[in-house]
Amino acid sequence: MGKRFRDFSLPAVVINHEFEIIDASDAFLHKYGWARTFLSIVDSGSQSKVAKFLPSLTTGTPLEISLQEKQGKLDFVDLFVTWTKEDGIVTVVPKSSQYSLVSSKLSLLQAELSIRNNELVEEKDRVQSLLVEMQNLSAPAIVIREGVSLVPIFGSIDTGQMTLIFTRLLTHFMDEKTEIAIIDFTASIDFASSNWQGVDEFVRAASIMGVEIIVSGLHPSQVKALNDLQIQPASIRFYAKLAAALQAIN
Amino acid sequence: MNKIDQLASLLLQGDEEQAMQLIEKELTHSSRHHMMNDLLTPAMQRIGQLWENNEITVADEHLATAICDFILSKLDIQIQPEKRQEKTVLLMGVQDEEHYIGLKMVSSVFKQHGWRVRYLGPNMPETHALKAIERWNPDVIAISAALVHRIMAIQSLVLKLKEDHPTLPVVIGGRITELLDLNTLLPSNVHIMSSLPALEEWITQGGPNGKKIS
Ligand code: B12
């Protein structure tokens with residue numbers, strides 16, 4: 001082939017039907033170097049594809065494959081071929097390099113982003129454990145004398161929190177050999193009777209452990225609401241004031 | 001059509017709903033990770049064969065990957081760890097490696113076993129990776145690579161880790177483990193695992209504290 005072919009602006013080679021390279025454009029040599037056979041610059045994952053489809057590829061139809069550059073980098077390219085009786089001219093058209101520039105930029109940004117994301121995950125973990133701690137603080141169990149524990153409930157508490165508190169209290173009862181537990185709602189704003197769910201089970205578990213539950217600090221209307229819902233276990237004693245509850249156990 | 005071909009074609013059609021249905025059906029009699037190993041991975045490999053067979057283009061592969069990624073994320077949300085472990089694993093693909101579907105599956109295995117997962121994603125430049133290790137102080141670092149070309153990046157990272165964090169266990173997996181004998185190319189503190197079942201076995205046997213398999 002002549003000089004005109006070598007000056008061709010895209011990487012291109014002339015190969016015979018055995019894929020042996022007969023001539024190559026400067027652009028090709030620059031990128032892929034000289035090789036005896038075309039297949040040796042084709043990535044291993046694309047070799048069977050080239051071997052199978054290049055011989056019968058029609059003019060103007062692309063064949064999408066990976067080529068290996070001199071320095072080992074993989075290029076994603078379209079091959080076009082024009083066959084004559086003896087040989088074929090193979091032109092290598094890189095899949096838009098703009099695209100690969102954007103995509104490498106994008107992956108760097110993605111890397112940064114994933115670090116940020118992990119920081120957020122960490123923060124979430126921290127907040128979650130703080131939350132558990134806070135829940136413990138919003139219902140501390142205080143031993144006021146041997147066998148008697150006081151559990152003042154602070155702030156507003158939902159069903160999920162209530163369940164957690166109950167579980168923790170049962171352990172506390174066991175550890176402290178509690179006989180009587182006073183759960184005081186004086187400092188708990190907006191107590192809703194629907195949050196009382198699960199209390200049935202809790203009181204039953206407590207009574208199996210030999211613990212009597214006394215509830216104080218609920219407004220009479222709240223006690224009535226509980227009664228109406230019929231979720232109030234019979235074995236709970238109610239007192240409107242904490243002082244009254246304390247007096248009753250003396 | 002068998003299940004694998006069926007899933008591959010749903011992924012290629014971008015039909016996430018039916019693909020998800022197929023997977024959910026599989027999950028009625030198979031664990032999440034067996035499904036990933038025996039159905040989802042082969043379906044992605046099947047897509048690779050279709051490309052080699054000139055039946056689809058890279059654009060189709062991108063769509064299928066996106067659907068597969070979506071499904072994995074969806075399954076991830078449903079994970080309820082058996083037991084919380086106070087252990088952290090850092091997951092990443094080495095620099096220039098863009099295949100990340102395997103990495104996501106690995107993340108799911110660790111999560112299922114109650115590990116804290118820090119997923120850095122694929123294509124992590126070495127300096128970023130080292131910074132992340134300082135930041136998260138992980139118990140294990142797991143690396144994924146698909147192409148043999150990544151061996152230099154892996155060697156460089158692993159040697160750096162051996163210098164800076166000599167006791168930090170490193171796990172390496174991905175397609176590269178089937179193509180190269182990594183045991184001869186990497187220091188002996190590196191655990192090489194080619195599949196999710198192998199990883200699962202390692203984790204259940206105590207991971208870095210258990211017996212060494214590689
Ligand atoms: C989808 C796909 C893509 C997608 C990737 C999408 C994504 N972001 O992940 C896109 C289109 C972007 C892509 C790009 C490329 N790809 Co590609 N790709 C594939 C394909 C079809 C499927 C890959 C896949 O998702 N498999 C499913 C996953 C789940 O399998 P896996 O990664 O092996 O993971 C499993 C195990 O290995 C293990 N595992 C994985 N990681 C880890 C880690 C640990 C710690 C453990 C324990 C286990 C473990 O767990 C998984 C569960 O089973 C394969 C074909 C094939 N046979 O694999 C080609 C393939 C891998 N790609 C290939 C190539 C060449 C490329 C490109 C270089 C093309 C190019 N010239 O640009 C680029 C590379 C980009 C880059 N810089 O990395 C070649 C590799 C050939 C070779 N020489 O090795 C293949 C084989 C296709 C081919 N025949 O040419 N690709």
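User: How do you know in which order the five strands of the open sheet in chain B stand?

Analyst: In this predicted model, the order is β2-β1-β3-β4-β5 of chain B, and the pairing is parallel. Strands here are DSSP runs of E with at least two residues, helices are runs of H or I with at least four, and both are numbered from the N terminus. Two strands pair if DSSP finds at least two bridges between them. Strand β1 (residues 88-93) of chain B is joined to β3(B) by five bridges, so this link meets the definition of a pair. Within β3(B), Ile141(B) is the residue opposite Leu90(B).

User: What makes β2 and β5 of chain B stand at the edges?

Analyst: Each of the two, β2 and β5 (190-192) of chain B, has a single partner strand, so one side of each lacks a neighbour in the sheet. On average, neighbouring strands of this sheet are turned by 25 degrees against each other, with direction ignored.

User: How does α5(B) run relative to β1(B)?

Analyst: Helix α5(B) runs at about 175 degrees to β1(B) and lies across β1, β2, β3 and β4 of chain B. Axes are lines fitted to C-alpha atoms, for helices over the stretch in contact, and angles between N-to-C directions run from 0 to 180 degrees.

User: How do you know that β3 and β4 of chain A pair, and in which sense?

Analyst: Strand β3 (residues 63-68) of chain A and β4(A) share six bridges in the antiparallel sense. One bridge partner is Asp78(A) in β4(A), which faces Glu64(A). The two strands form a hairpin with five residues between them, and Gly72(A) in the turn has a positive phi of about 95 degrees.

User: What are the domains of chain B, and where do their bounds come from?

Analyst: Chain B is assigned domain 1 (3-77) and domain 2 (88-209), with bounds from an automatic or database domain assignment. Their centres, taken over C-alpha atoms, are 24 Å apart.

User: How many residues of the two domains of chain B are in contact?

Analyst: In domain 1 of chain B, 11 residues are in contact with 11 residues of domain 2, where contact requires C-beta atoms, placed from the backbone, to lie within 7 Å. On the domain 1 side, α3 (32-52) and α4 (58-77) of chain B each give two or more residues. The largest share, six residues, belongs to α4(B).

User: How many residues of chains A and B are in contact?

Analyst: Between the chains, 16 residues of chain B are in contact with 14 of chain A. On the chain B side, α6(B) provides the largest share, three residues.

User: Where does the ligand lie, and what makes up its shell?

Analyst: The ligand lies between chains A and B. It is surrounded by 44 residues, with Gly45(A) and Gly48(B) among the closest; a residue is near if its C-beta atom, placed from the backbone, lies within 6 Å. Helix α3(B) gives the most to this shell, with eight residues. The shell divides into 20 nonpolar, 16 polar and eight charged residues. Ala, Val, Leu, Ile, Met, Phe, Trp, Tyr, Cys and Pro count as nonpolar, Asp, Glu, Lys and Arg as charged, and the others, Gly among them, as polar.

User: What confidence does the predictor give to chain B and to the complex?

Analyst: Chain B has a mean pLDDT of 91, and 98% of its residues reach 70 or more; pLDDT is the predictor's confidence in each residue, from 0 to 100. The complex has an ipTM of 0.87 and a pTM of 0.76. Residues are numbered from 1 along each chain as its sequence is written, chains are lettered from A, and ligands are numbered from 1 in the order in which they are written. In this predicted model, local features need pLDDT of at least 70 and side-chain atom pairs count only at pLDDT 80 or more, whereas totals for chains, interfaces and linings use all residues.
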